[in-house]
Amino acid sequence: MTTGTALTAADLRLLAEAGGLAPSLHNSQPWRFRPTPDLLGLEVHADPGRAVPAADPDGRAMHISIGAAVFNLRVAAARLGREAAVRLLPAGEDTQPRAVLDLSAQARSPRPFGADLYPAIAQRHSSRHPFTNRDVPEALVADLITAAQDEGVTLTVLEEHGVRRVLTLTSEAEARIAADVTREAETRRWLRLEPSYDGIPLAALGSHDRDARVPMRGFAGHPPRHTTPAGRFEALPQLAILETHFDGQADWLRTGQAMQRAWLLATVHGLRASVLHQAVEIPDTRWRLRDPAEGPAHVQLVLRLGYGPSGAASPRRPVEDVLDPADG
Ligand SMILES: Cc1cc2nc3c(=O)[nH]c(=O)nc-3n(C[C@H](O)[C@H](O)[C@H](O)COP(=O)(O)O)c2cc1C
């Protein structure tokens with residue numbers, strides 16, 4: 001028999017607000033949160049109406065985004081003094097929900113992730129600004145690696161040759177994506193919904209051997225809105241890749257949790273991040289992102305890390321739009 005204290009309306013609101021602040025492809029926010037009938041847990045559903053099919057035909061990025069929301073829920077549960085026992089895909093692949101959190105038990109530790117990550121949920125933003133040339137300290141790199149590893153995901157901060165390989169593949173993918181009219185239209189649709197969204201000014205990264213033009217993701221042939229001179233960007237960005245052994249929906253959900261855990265920890269330490277996703281969106285550039293010396297891992301995400309402005313908050317759907325009623 002289940003015991004535990006039922007979640008109140010305020011608890012559910014706090015959870016849904018935290019989950020909804022997760023990062024997502026094009027800020028699509030492809031999640032819905034549904035209280036379990038006993039009010040001792042929360043189901044996380046994919047919202048099919050928020051899919052981005054041209055850029056993300058398999059729903060890989062959608063699951064990464066949902067995974068990030070699940071991690072925020074785990075942090076928020078700790079804030080409520082609850083332990084979060086998570087089951088991914090409890091009814092199998094392609095059947096909702098994507099995850100269910102049993103929140104019936106009291107938290108065993110007030111800081112289950114080693115640091116209080118809760119304030120970082122609201123402080124974290126994608127920072128697409130120039131970063132300084134300051135290196136991420138080795139000790140923090142080690143903590144980010146451990147954070148991802150605890151979620152079953154390998155995080156690697158790339159050496160110079162790896163960074164150059166990823167930037168070259170990202171530029172190649174960017175050009176191919178820009179030439180795809182279906183994707184262009186899809187990106188524009190999301191950008192209209194999310195006006196603060198800007199892509200990474202790719203030509204500015206590694207700018208010492210590129211021209212100073214700053215192409216924008218999904219804006220090929222149109223004047224870029226981003227006007228920061230390329231010279232102000234770090235010459236060689238610090239990039240981390242997240243990889244998994246397998247490539248199924250559960251791996252994508254784990255990637256999202258690992259990304260968010262590392263990103264919140266980075267935020268606590270004043271480290272900023274943004275996502276460089278273009279090369280992962282095309283199967284052959286994604287395959288070539290792997291370090292050929294490193295076995296058959298599947299690259300899931302590229303994060304740019306560094307020190308600089310935090311980035312602005314981007315809009316979120318109202319809680320009422322993402323949280324189903326308790327009796328629903
Ligand atoms: C799977 C995934 C892919 C993303 N791809 C990109 C990208 O290619 N370029 C970019 O600038 N931001 C990318 N983002 C970041 C989102 O645009 C961002 O999370 C969203 O706009 C919400 O903003 P926030 O992170 O500041 O809360 C990606 C995020 C996720 C989860």
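Predicted model: local features only at pLDDT ≥ 70, side-chain atom pairs only at ≥ 80, totals over all residues.
**Notebook: strands, a sheet and a helix**

I started with the element count: the protein chain has nine helices and eight strands.

Next I looked up burial. Of the 328 residues in the protein chain, 54% count as buried. The chain exposes about 14200 Å², and 54% of that comes from carbon and sulfur atoms. I also checked contacts with a separation of 6 or more: residues 24 or more positions apart account for 79% of them.

Strand β1 covers residues 31–35, and its side chains alternate. β1 pairs with β2 (residues 41–46) in the antiparallel sense, over five bridges. I found Trp31 opposite Ala46 in β2. Five residues lie between the two strands, and in this hairpin Leu39 takes a positive phi near 60°.

On to the sheet of four strands. I read it as open, antiparallel in pairing, with the order β5-β6-β8-β7. Which strands stand at the edges? They are β5 (154–157) and β7 (272–275), and each has a single partner strand, so one side of each has no neighbour in the sheet. From one strand to the next, the twist averages 30°.

β7 pairs with β8 (residues 298–306) over four antiparallel bridges, and Val275 has Leu303 in β8 as its bridge partner. Last entry: helix α7 (residues 249–268) packs on this sheet and touches β5, β6 (238–244), β7 and β8. The direction of α7 makes about 150° with that of β6.

Methods. Residues numbered from 1 in each chain as written. Heavy atoms only, no water. Buried < 20%, exposed > 50% of the residue type's maximum accessible area, 1.4 Å probe, protein only. Contact = heavy atoms within 4.5 Å. Areas by Shrake-Rupley, 256 points an atom, 1.4 Å probe, with all protein chains shown as cover. Pairing = 2+ DSSP bridges. Axes fitted to C-alpha atoms, helices over the stretch in contact; angles between N-to-C directions.
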